[in-house]
Amino acid sequence: MNTSNSLLLSANQIYRRIVDKINALEPVALLAARFYVGWAFFSSGLTKLNNWDSTLFLFEEEYHVPLLPYELAAYLGTAAEIILPLLLMAGLTSRLSALGLFFVNIVAVISLEDIAAAAYAQHVLWGMLLLQVVIFSGGRFAFDHMVKRQLTQTQS
């Protein structure tokens, strides 16, 4: 019995060391997710800004944003694709920025009548990465974390 307890204890210690090393990657993974999704949306917003006439045409003819006039949808969508990714990548209001982009992502998918399977898969990936930031926050490498740490220190 003593030998089996010893083996179990050793296996548990090895497992804990491995888990601790994997957990150390969490802030890096959240940072990578924030930048990957943030850059995708930001570059899309820049494309819309660089060719505003085409953007308006697409929102009028191809994107069918529910409940909004196409011009308002174009302005709101483009503003969201410029502002929210910058906040997300910086880690400022990470959860709120990720949630905002999550909804922009959903609207983008439902606004297109025909969406290619590869494009749909990419939107699903972005949605899952954004949900991770909403659930876990921006991580240790976000300004949110630094602000929270500073507030905690000043309250102590």
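Colleague: In this predicted model, what makes the crossing of H4 and H5 left-handed?

Modeller: A crossing is left-handed if the near helix is turned anticlockwise from the far one by less than a right angle. H4 passes H5 in that sense, so the crossing is called left-handed.

Colleague: How do the axes of H4 and H5 lie?

Modeller: The axes of H4 and H5 (residues 94-111) come within 8 Å and cross at roughly 145 degrees.

Colleague: Which residues make the contact?

Modeller: H4 contributes Ala80, Glu81, Leu84, Pro85, Leu87 and Leu88, while Ser94, Ser97, Ala98, Gly100, Leu101 and Val104 come from H5. Eight of these residues are nonpolar, three polar and one charged.

Colleague: Why is the pair of Lys48 and Glu81 called a salt bridge?

Modeller: The closest N and O atoms are 2.9 Å apart. The cut-off is 4 Å, so the pair qualifies. Lys48 lies in helix H2 and Glu81 in H4, 33 residues apart, and the pair links distant parts of the chain. The structure holds one salt bridge.

Colleague: Are Lys48 and Glu81 buried or exposed?

Modeller: Lys48 is buried, and Glu81 is too; the term requires under 20% relative accessible area.

Colleague: How do you know that the length of H5 agrees with its 18 residues?

Modeller: At 1.5 Å a residue, H5 should span 26 Å. Its end C-alpha atoms are 25 Å apart, so the two agree.

Colleague: What do the buried residues of H5 pack against?

Modeller: They pack against H2, H4, H6 (117-136) and H7 (143-155). Among the buried residues of H5 are Phe102, Asn105 and Ser111.

Key. Residues numbered from 1 in each chain as written. Predicted model: local features only at pLDDT ≥ 70, side-chain atom pairs only at ≥ 80, totals over all residues. Heavy atoms only, no water. Salt bridge = Lys/Arg side-chain N within 4 Å of Asp/Glu carboxyl O. Helix = DSSP H or I, 4+ residues; strand = E, 2+ residues; numbered from the N terminus. Buried < 20%, exposed > 50% of the residue type's maximum accessible area, 1.4 Å probe, protein only. Axes fitted to C-alpha atoms, helices over the stretch in contact; angles between N-to-C directions. Contact = heavy atoms within 4.5 Å. Nonpolar A, V, L, I, M, F, W, Y, C, P; charged D, E, K, R; others polar. Expected span 1.5 Å × (residues − 1).
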